[in-house]
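Please find below some notes on the model you sent. They are given as numbered points and can be read alongside the coordinates.

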Amino acid sequence: MSELDVFERYDWVAEPSDAKERIDKFITEQNEDWSRSQVQAWIKEERVLVNGEPVKSNYKLAADDEVTLRVPPPKELAIAAEPMPLDIVYEDSDVVVVNKPRGLVVHPAPGHYTGTLVNGLLAHCKDLSGINGVLRPGIVHRIDKDTSGLLMVAKNDKAHLSLASQLKAHTVNRKYVAIVHGVIPHEMGTIDAPIGRDPKNRQQMAVVFENSKPAVTHFIVLERFKEYTLVELKLETGRTHQIRVHMKYIGYPLAGDPKYGPKNTLELDGQALHAQTLGFDHPRTGERLEFEAPLPPEMVAVIEYLKQL
């Protein structure tokens, strides 16, 4: 590879649970946007290094292996700026905090390049960090399409690195509100259960004890209804679909969740989940910032309905 080659770099350290897993499978599981064939092509191009050396797709990991991936930039692809109404909660020269509505995809992905939050942000402020490449400029963390609520976006690389390091250190305060099936009898609890790809359904995540990552969710009961419970959830880690998977695991799946919930549920367009609170240290000043977004009207309406049952 040329020293002038521009790439997006990812680094991982294999955990004991990753031992004996094929390198192509391991990398594919790190990002739902990457296909196995695409990862194998990167390995063939020697864009994947293990302990500093190129490997073949059938290489099997050992615990503590250091894995590096250099993803080439998308070719001849420019994400268009698309003016759209955005609920900007806070903005300065380093960071934007936006209250994302239900149904809006956060960033473009192969085959889906328009109508996302990133398209709208590019029209709004034009200056987003480039660390996550062309498709995900400024995006430090994601929330699911049908989850509403607060998201922090970096305007420059320095801010991006700071916010990402805070996420990794678990110092970002992220609290969600959800409606779940069932009446939770206790007032609070902690779910400490590792999450990985569901071996029975690769399109879903699940609590599994092999090829998984640690995941911790804390919850507090806010209100009980006849057959549902309103809960506040605090993330200690940020695994894909973490809240949805953890609540299903303990027997209280999210209402309206088409992927992890029961078929008989409340009539909602997606899971009843709202990212209500977001707190972090400002990447330039160090000042602690805390924001709250009120529940969206559709969740308020559902709660009022449940109170009448």
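1. With which side chain does the side chain of Glu187 make a polar contact? In this predicted model, the partner is the side chain of Arg224, at 3.0 Å.

2. The setting of Glu187 is a loop, the one that runs between β8 (173-181) and β9 (188-192). Glu187 counts as partly exposed because its relative accessibility is 45%, and the class in question lies between 20% and 50%. Glu223 is 36 residues away from Glu187 along the chain, and the C-alpha atoms of the two are 9.7 Å apart.

3. The mean pLDDT of the protein chain is 89, and 93% of the residues reach at least 70. Residues 1-5 fall below 50, and beyond near neighbours in sequence this stretch has four contacts in the model. Where pLDDT is low, predicted coordinates should not be read in detail.

4. The domain assignment divides the protein chain into domain 1 (8-71) and domain 2 (88-307). Taken over C-alpha atoms, the centres of domain 1 and domain 2 are separated by 27 Å.

5. An open sheet of four strands, paired antiparallel, runs in the order β1-β4-β2-β3. Its edges are β1 (8-13) and β3 (53-54), each of which pairs on one side only. The antiparallel pairing of β1 with β4 (residues 66-71) extends over six bridges. Within these strands, Asp11 is placed opposite Thr68 of β4.

6. Is β8 largely enclosed or open to the outside? Eight of the nine residues of β8 are buried, so the strand is largely enclosed by the rest of the structure; buried here means under 20% relative accessible area. Two pairings of β8 can be described. With β15 (residues 273-281), β8 pairs in the antiparallel sense over six bridges, and His274 in β15 is the bridge partner of Val177. With β14 (residues 228-235), the pairing is also antiparallel and has seven bridges; there Val180 stands opposite Thr229.

7. Asp144 deserves a separate entry. An unreviewed UniProt entry carries the annotation "active site" for Asp144. In the model, Asp144 sits in the loop between α3 (117-124) and β7 (148-154). Its relative accessible area is 23%, so Asp144 is partly exposed. Not counting residues up to four places away in sequence, Asp144 touches Lys100, His241, Arg244 and Gln271.

8. Two backbone angles can be checked by eye. Lys20 has a positive phi, near 75°, although it is a residue other than glycine. Lys20 belongs to the loop between β1 and α1 (23-28), and counts as exposed because its relative accessibility is 70%. His170 is also a residue other than glycine with a positive phi, here near 60°. The loop that holds His170 lies between α4 (157-168) and β8. With 45% relative accessibility, His170 counts as partly exposed.

Methods
Residues are numbered from 1 along each chain as its sequence is written. This is a predicted model: local features need pLDDT of at least 70, side-chain atom pairs count only at pLDDT 80 or more; totals for chains, interfaces and linings use all residues. Side-chain values use heavy atoms; hydrogens and water are left out. Domain bounds come from an automatic or database domain assignment. Buried means under 20% relative accessible area, exposed over 50%, partly exposed in between (1.4 Å probe, protein chains only). A polar contact is a pair of N or O atoms within 3.5 Å; within protein, one must be able to donate a hydrogen and the other to accept it, and residues adjacent in sequence count only if both atoms are side-chain atoms. UniProt positions are given in the numbering used here, feature names are shortened, and annotations may be inferred rather than shown by experiment. Contact means heavy atoms within 4.5 Å. Two strands pair if DSSP finds at least two bridges between them. pLDDT is the predictor's confidence in each residue, from 0 to 100.
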